[in-house]
Amino acid sequence: GRAGGGTAGFPRADGRRPAPPPRSGRESPSPARKTVAAAAPGWYNVDMGIRDEIGRAFPQLPPCAAQTLPALALAYVGDTVYDLYVRTMLVRRGPMGAHALHLAASELVCAAGQAAALRRIEPLLSDQERAVYHRGRNAHSGTVPRHASVADYRVATGLEALVGYLYLTGADGRLGALMRAALAAEDGAEQ
């Protein structure tokens, strides 16, 4: 245990307990945070909701240059963002049990569901977005889930890379528009 009120078994020389660290969210922005914000106006200086909260929670992380990230890193982030959009859409439909939510989300976030979503938005993509999608689609992940075709899995990885890219570059309006189009059939299917 702690002898003398110190931390990690090491008492202070005067026998008093050390002061607790400042509570997060109550202190003013650190100079390091201000420096990062000034160096990355496209990432931190825009009111971005959850992205801004992540920046406050982890101010030591450098800003992200999405264009330089590997396609599978974009897909890694995009997988979570896509899942969040799907889960939000499902919860907003109305009361459903947790198991029903899980089953509905699983149908939409599986490789076949994401491939179908990509086909709905493919005509809407700009040349830059199409290039990011192709980078993700052509990336080699090494494994394919046993319940997915290779073609669907590659298309889904491309979609996730695109979603990750749009999220990390702060293109929230564009991301929202594409996600509404991608999920439009599912959103209206059971309302």
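Thr-169 sits in the loop between H7 and H8. The model is a predicted one. With a relative accessibility of 27%, Thr-169 counts as partly exposed. Its C-alpha lies 6.3 Å from that of Ala-66, although 103 residues separate Thr-169 and Ala-66 in sequence.

Helix H7 (150-168) and helix H8 (172-182) each contribute at least two residues to the lining of the largest cavity. The count of cavities of 30 Å³ or more comes to one, and the largest cavity holds about 40 Å³ of space. Its lining consists of Tyr-82, Ile-121, Leu-159, Leu-162, Val-163, Leu-166, Leu-175, Leu-178, Met-179 and Ala-182. By class, the lining has 10 nonpolar residues, no polar ones and no charged ones.

The structure holds three salt bridges. In one of them, the side chains of Glu-129 and Arg-174 meet at 2.7 Å, N to O. This pair links distant parts of the chain, with Glu-129 in helix H6 (residues 127-138) and Arg-174 in helix H8, 45 residues apart. Glu-129 counts as buried because its relative accessibility is 6%, below the 20% limit. Arg-174, at 30% relative accessibility, is partly exposed.

Another salt bridge joins Asp-83 to Arg-87, with 2.7 Å between the closest N and O atoms. Both residues belong to helix H3 and stand four residues apart, which is about one turn of the helix. Asp-83 has a relative accessibility of 18% and therefore counts as buried, the limit being under 20%.

Arg-56 and Glu-53 form a salt bridge in which the closest N and O atoms are 2.2 Å apart. They are separated by about one helical turn, because they lie three residues apart in helix H2 (residues 50-57). Arg-56 is partly exposed, with a relative accessible area of 44%, and Glu-53 is partly exposed with a relative accessible area of 44%.

The surface also carries a nonpolar patch. Ile-50, Ile-54, Phe-58 and Leu-84 make up this patch, and together they have about 360 Å² of accessible area. Leu-84 lies in helix H3 (residues 71-93). Its relative accessibility is 47%, so Leu-84 counts as partly exposed.

Terms used:
Residues numbered from 1 in each chain as written. Predicted model: local features only at pLDDT ≥ 70, side-chain atom pairs only at ≥ 80, totals over all residues. Heavy atoms only, no water. Patch = residues over 30% accessible without salt bridge, like charges linked within 9 Å, V, L, I, M, F, W, Y side chains within 5 Å. Areas by Shrake-Rupley, 256 points an atom, 1.4 Å probe, with all protein chains shown as cover. Salt bridge = Lys/Arg side-chain N within 4 Å of Asp/Glu carboxyl O. Buried < 20%, exposed > 50% of the residue type's maximum accessible area, 1.4 Å probe, protein only. 1 Å grid on protein atoms, 1.4 Å probe; cavity = no way out; pocket = protein on both sides within 12 Å on 5 of 7 lines; lining within 4 Å. Points joined across faces, edges and corners; volume = space filled by probe spheres on them. Nonpolar A, V, L, I, M, F, W, Y, C, P; charged D, E, K, R; others polar.
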